[in-house]
Amino acid sequence: MGVRFILNVLWFIFGSGFVLAIGYGLAALVCFALIVTIPFGVAALRLAVYSLWPFGRTVVSKPDAGVASGLANILWVVLAGWWLALTHLVAGVAQCVTIIGIPFGIANFKLVPVAFWPLGREIVDLD
């Protein structure tokens with residue numbers, strides 16, 4: 001538990017946790033403003049919280065997610081998912097340049113699929 005806490009604090013300060021959370025928050029605000037896309041806004045807020053504190057948690061697929069969630073994810077990719085995933089990729093590559101940044105880069109790479117396909121997934125603790 002202590003190592004995860006330290007990694008999460010370092011991620012928040014030196015990693016890209018705060019910046020990515022702002023990106024997800026902006027995406028959520030746009031989705032809430034458009035009313036019809038409120039479910040996307042909820043997913044974006046869930047991902048904002050996850051991107052703030054990723055160590056010790058993981059993303060799993062919901063087995064009961066239906067076709068509507070898959071179709072909504074396609075719309076998400078077009079509207080917001082591609083630039084959020086690109087942010088994760090760029091930050092991950094930049095962080096993997098140094099040995100100290102490798103865990104943060106891996107955490108960014110772990111967030112890429114979630115940025116593309118957020119609906120039909122849930123965030124769970126590893127414990």
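View 1. Leaving out residues up to four places away along the chain, L119 touches P39, F40, A43, S69, A72 and N73. The model shown here and in the other views is predicted. L119 sits in the loop between α5 (102-116) and β2. Is L119 buried or exposed? Its relative accessible area is 13%, and the cut-off for buried is under 20%, so L119 counts as buried. W83 is 36 residues from L119 in sequence. From C-alpha to C-alpha, L119 and W83 are 17 Å apart.

**View 2. Helix α2 packs on helix α3.** The axes of α2 and α3 come within 8 Å. They cross at roughly 170 degrees. The two helices are therefore roughly antiparallel. On the α2 side, the contact is made by G17, F18, L20, A21, Y24, G25, A27, A28, C31 and F32. On the α3 side, it is made by I38, F40, G41, V42, A44, L45, L47, A48, S51 and L52. How many residues of this contact are nonpolar, polar and charged? The contact of α2 with α3 has 16 nonpolar, 4 polar and no charged residues.

**View 3. Helix α2 also packs on helix α4.** Helix α2 spans residues 17-33, and helix α4 spans residues 67-95. Their axes lie 10 Å apart, at an angle of about 170 degrees. An angle over 145 degrees counts as roughly antiparallel, so α2 and α4 are roughly antiparallel to each other. From α2, the contact takes in L20, G23, Y24, A27 and C31. From α4 come W76, A80, W83, L84, T87 and H88. By class, these residues are 8 nonpolar, 3 polar and no charged. L20, Y24, A27 and C31 of α2 are among the residues in contact with α4, and they are also among those in contact with α3.

**View 4. N8 in helix α1.** N8 belongs to helix α1 (residues 2-13). Its relative accessibility is 2%, so N8 counts as buried. Which residues does N8 contact, leaving aside neighbours within four places in sequence? They are L52, W53, P54 and F55. One of these, L52, is also among the α3 residues in contact with α2.

View 5. The model has 1 cavity of 30 Å³ or more. The volume of the largest cavity is about 30 Å³. Its lining is made by A43, R46, L47, V59, V114, P118, R121, E122 and I123. Helix α3 (38-52) and strand β2 (121-125) each supply at least two residues of this lining. By class, the lining has 6 nonpolar, no polar and 3 charged residues. A43 of the lining is also touched by L119.

**View 6. I35 has a positive phi.** I35 lies in the loop between α2 and α3. Its phi is near 55 degrees, a positive value in a residue other than glycine. Is I35 buried or exposed? With a relative accessible area of 58%, I35 is exposed.

**View 7. D64 and G120.** D64 is found in the loop between β1 (57-61) and α4. Its relative accessible area is 67%, and the cut-off for exposed is over 50%, so D64 counts as exposed. Along the chain, D64 and G120 are 56 residues apart.

Methods:
Residues are numbered from 1 along each chain as its sequence is written. This is a predicted model: local features need pLDDT of at least 70, side-chain atom pairs count only at pLDDT 80 or more; totals for chains, interfaces and linings use all residues. Side-chain values use heavy atoms; hydrogens and water are left out. Axes are lines fitted to C-alpha atoms, for helices over the stretch in contact, and angles run from 0 to 180 degrees between N-to-C directions. Helices (H or I, at least four residues) and strands (E, at least two) are DSSP runs, numbered from the N terminus. Angles under 35 degrees count as roughly parallel, over 145 as roughly antiparallel, 65 to 115 as roughly perpendicular and the rest as oblique. Contact means heavy atoms within 4.5 Å. Ala, Val, Leu, Ile, Met, Phe, Trp, Tyr, Cys and Pro count as nonpolar, Asp, Glu, Lys and Arg as charged, and the others, Gly among them, as polar. Buried means under 20% relative accessible area, exposed over 50%, partly exposed in between (1.4 Å probe, protein chains only). On a 1 Å grid over the protein atoms alone, a cavity is a set of points where a 1.4 Å probe fits but cannot get out, and a pocket is an open set with protein on both sides within 12 Å along at least five of seven lines; lining residues have an atom within 4 Å of a point. Grid points are joined across faces, edges and corners, and a volume is the space filled by probe spheres set on the points.
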